[in-house]
Amino acid sequence: MGIIEVRNLTFKYANSDKPSLYNINLSIDKGEFLLITGPTGCGKTTLCKCLNGLIPNSYNGDFNGEVIIDGLSTKEHPVHEIAQHVGLVFQDPENELFCTSVEKEIAFGPENLGLSREEIRRRVEEAMAMVGISHLRERSPYELSGGEQQKVAIAALLAMKPKILVLDEPTSNLDPFSAYSILNLLFNLKKEYEMTIILIEHRLDMVAKIVDRCVIMNEGRIIAIGPPEEVLYSDIVESIGIGIPKIVKLVKTLGLSSRPLSSNVLADILKVKK
Ligand SMILES: Nc1ncnc2c1ncn2[C@@H]1O[C@H](COP(=O)(O)OP(=O)(O)OP(=O)(O)O)[C@@H](O)[C@H]1O
Ligand SMILES: [Mg+2]
């Protein structure tokens, strides 16, 4: 059994006339780095809300099927309990930050768990170190750059010690350099701490080579799932008009049979061919 099990999940918002998710089945292993992508309105954010229990607990609608997070069914456990297993990062970190310093921001969650002062201190230090923002500890979150704010939001979640992070387009308001820095951080969290990472992302050029598996959604359904070489090179991805990685376009134009996802690998293939 995966750390996340989504079984026959269909969800329709109360004020909507058709479901936003249709019969989703997904099993995610512990330590997996999963990319979810698809055109706007296909249901990615709705699926994220199902993965941390906001749906069905805080939204009205018709919820069918089951979502099990680390053994807990989201139908039977409240959001605050699920939140100890899954941290959800949104597009715009500014809306999530409200304390006067980075340290206080990160301590806020653990303080609400009623932990001892030492344990809180330890968690704050560890979370800042994991994300590489210890030098920002006394700064006000409001005066930080978008990329730094996103790191503070991630550290605040890590201080709750979740095993799973779900990130809904965390880089969409960031410049390419900051985006790269966040994606690299996620890769390290997976590699060094065996965290399970579910990333909603449009920057396929940057993520294709770091994820284990890709899910492509369209109109509330999963239309492709598998390793990135398989999914991103499939015709189905091209047919729904999402921005496929430049390298995939180039390799298809060159008519190569291999499926590299990084320019280094492509360069090696071309060298051998010469
Ligand atoms: N609170 C809501 N009430 C009713 N319908 C909603 C609600 N939130 C989303 N929807 C609808 O559900 C569908 C999926 O929306 P969702 O936000 O999950 O898509 P998305 O893939 O995240 O899109 P984007 O790429 O633009 O972020 C859309 O048709 C949307 O209009
Ligand atoms: Mg969305």
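Guide: Not counting residues up to four places away in sequence, arginine 123 touches Pro110, Leu113, Leu115, Ala159, Met160 and Lys161. The model is a predicted one, and this arginine lies in helix H5, which spans residues 117–131. Arginine 123 counts as buried because its relative accessible area is 11%, under the 20% limit.

Two polar partners can be named for this side chain. The side chain of arginine 123 reaches the backbone oxygen of alanine 159 at 2.9 Å, and alanine 159 is also among the residues that arginine 123 touches. The other partner is the side chain of glutamate 119, with which the arginine 123 side chain makes a polar contact of 2.9 Å. Glutamate 119 and arginine 123 also form a salt bridge, with 2.9 Å between the closest N and O atoms. The two residues are four apart in helix H5, so about one helical turn separates them. Both glutamate 119 and arginine 123 are buried. In general, side chains of opposite charge can pair when their charged atoms come close.

The structure holds 18 salt bridges, and two further pairs may be set beside this one. Arginine 203 forms a salt bridge with glutamate 201, the closest N and O atoms being 4.0 Å apart. Glutamate 201 is buried, at 3% relative accessibility, whereas arginine 203 is partly exposed, with a relative accessible area of 22%.

Aspartate 235 and lysine 252 also meet through their side chains in a salt bridge, at 3.6 Å from N to O. This pair links distant parts of the chain: aspartate 235 belongs to helix H10 (residues 235–239) and lysine 252 to helix H11 (residues 246–254), 17 residues apart. Aspartate 235 is exposed at 59% relative accessibility, while lysine 252 is partly exposed, with a relative accessible area of 31%. Elsewhere, salt bridges that share partners join Glu103, Arg121, Glu125 and Arg137 into one network.

The largest nonpolar core has 56 residues, of which Ile106, Ile133, Ile154, Leu158, Leu165, Leu186 and Leu189 touch the most other members. A second, separate core of 31 residues includes Ile4, Ile36, Leu47 and Val86.

Note on methods. Residues numbered from 1 in each chain as written. Chains lettered and ligands numbered in written order. Predicted model: local features only at pLDDT ≥ 70, side-chain atom pairs only at ≥ 80, totals over all residues. Heavy atoms only, no water. Core = buried A, V, L, I, M, F, W, Y, C linked by side-chain atoms within 4.5 Å. Buried < 20%, exposed > 50% of the residue type's maximum accessible area, 1.4 Å probe, protein only. Polar contact = N/O pair within 3.5 Å; in protein donor to acceptor, adjacent residues only side chain to side chain. Contact = heavy atoms within 4.5 Å.
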